[in-house]
Amino acid sequence: MDSIEWCYSLGYKIYDRISGAPTDYSDPSTDGPPSTWHSREGWQSICWGFYDDEDNYGHNWRRIEVADMGLHEAGVLDVHEALFGPIETPPSDDVDTLVAYRRKLVATVRLLLAALGINYEVACAEDERDEWPREFTLEGLSDKWVARGIRSACGFQLRGDAEAGKRGKEERRECAARPNSYVEDDEDDEDEDMDDEDMDDEEDDEEDEGFYADEVHVHIV
């Protein structure tokens, strides 16, 4: 496999007043890199990502993930207010109420993703786990930085988030330096046992593999 194509941006826009039919409102411009797709004309970014293919192709292709969260705490509160009304910040010493508050904000972000057909389970407590969506690839490597970014935008982090962030940075560094870093060692062993005809068939299949999504967005009216 010489490369994988992966590129997306998620975003939303809140309309205070509707002066026409919802279908009259245009989608954001996709001029420029994905980081800019939901940054103009009132659009707000949730997250975006792509593999950097500049001077990076062929058998030495590396999985260079370029991605970031655009979501921030003020944006989450704005979306919650638009959908459900204002939410009161609980006192920091009321643990149960604070956890419930965090869950409401996380649920607000998950609702945005659900409107796009994406089910990302985000942990809100230490005994819970983040679960990737099966329908959409939001992270280009194994690091679940979107889940951490959602928690951060909702005003909290779990104990393991800082260490997971460090591991994610190390993974990106290693993958950027190692060609074909997505190939498993056991796959290499299996390839040695394949005859030439089977190898040619697999190479044809691999050339077609990949994932690409232009832009995905939510209108909140």
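Along the sequence, the protein follows the pattern β-β-β-α-α-α-α-α-α-β, and its secondary structure comes to six helices and four strands (DSSP runs numbered from the N terminus, with helices being H or I of at least four residues and strands E of at least two). The model is predicted, so that local features need pLDDT of at least 70 and side-chain atom pairs count only at pLDDT 80 or more, while totals for chains, interfaces and linings use all residues. Residues are numbered from 1 along each chain as its sequence is written, and side-chain values use heavy atoms, with hydrogens and water left out.

Of the 221 residues in the protein, 38% are buried (under 20% relative accessible area, 1.4 Å probe, protein chains only). Among contacts with a separation of 6 or more, 67% join residues 24 or more positions apart (contact: heavy atoms within 4.5 Å).

The second largest pocket holds about 370 Å³ of space (a pocket is an open set of points on a 1 Å grid over the protein atoms alone, where a 1.4 Å probe fits, with protein on both sides within 12 Å along at least five of seven lines; lining residues have an atom within 4 Å of a point; the volume is the space filled by probe spheres set on the points, which are joined across faces, edges and corners). Its lining comprises 17 residues, of which Asp-130, Lys-144, Asp-161, Ala-164 and Arg-167 are the closest to the centre. Helix H3 (145-153) and helix H4 (161-177) are the elements that give two or more residues to this lining, and H4 provides the largest share, five residues. By class, the lining has 11 charged, three polar and three nonpolar residues (charged: Asp, Glu, Lys and Arg; nonpolar: Ala, Val, Leu, Ile, Met, Phe, Trp, Tyr, Cys and Pro; polar: the others, Gly among them).

Technical notes
Buried < 20%, exposed > 50% of the residue type's maximum accessible area, 1.4 Å probe, protein only.
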